[in-house]
Amino acid sequence: MVLDIYSEHIITHATSPHNYGGIKGVLGVVVDNPTCGDELTLYIQTKNGIVEAAGFTGVCCALSTASASLFTDYIRNKTITELKSITPGDIYTLFGVPVAPVRSNCVLLVYLALEKWLRAEDTKD
């Protein structure tokens, strides 16, 4: 059975991603998916512990791009504490369609970037 992961919702975010681009003065965290060659850089700008802006760059498949687009919209105005509570299940919910196990790494690439960003934030204290 082939899952219809290329819904209109996903195609829109893949072809016209929101928040694509870096953020001036913000260092991004880079993650990759060696199984398909995707590389994603996530940028998160905070002020007083609240996400003011989020963006991403990279060379990614449609699913990774759509997931990063949805995710960067989702995290805006969240606190760092709220970011720490995000789970892979939340990413799947944002995605809105079932994802085959073989494509999970694509959809969760942005989650891996978030985890890496949070680890970097923890070392700043």
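Let's start with a helix on a sheet. Helix α2, residues 62–75, lies across β2 and β3 and runs at about 170° to β3. Contact here means heavy atoms within 4.5 Å. Axes are lines fitted to C-alpha atoms, for helices over the stretch in contact, with angles from 0 to 180 degrees between N-to-C directions. Helices (H or I, at least four residues) and strands (E, at least two) are DSSP runs, numbered from the N terminus.

Some ground rules. This is a predicted model: local features need pLDDT of at least 70, side-chain atom pairs count only at pLDDT 80 or more, and totals for chains, interfaces and linings use all residues. Residues are numbered from 1 along each chain as its sequence is written, and side-chain values use heavy atoms, with hydrogens and water left out.

Now the sheet. It is open, with three strands in the order β1-β2-β3 and antiparallel pairing. Strands pair if DSSP finds at least two bridges between them. β1 (29–33) and β3 (50–59) are the edge strands, each pairing on one side only. Twist averages 20° from one strand to the next. Five bridges join β1 and β2. V31 stands opposite L40 in β2.

Next, the largest pocket. Its volume is about 170 Å³, the space filled by probe spheres set on the grid points, joined across faces, edges and corners. A pocket is an open set of points on a 1 Å grid over the protein atoms alone, where a 1.4 Å probe fits, with protein on both sides within 12 Å along at least five of seven lines; lining residues have an atom within 4 Å of a point. Which element gives the largest share of the lining? α6, with four residues. W117 and K124 are among the lining residues.
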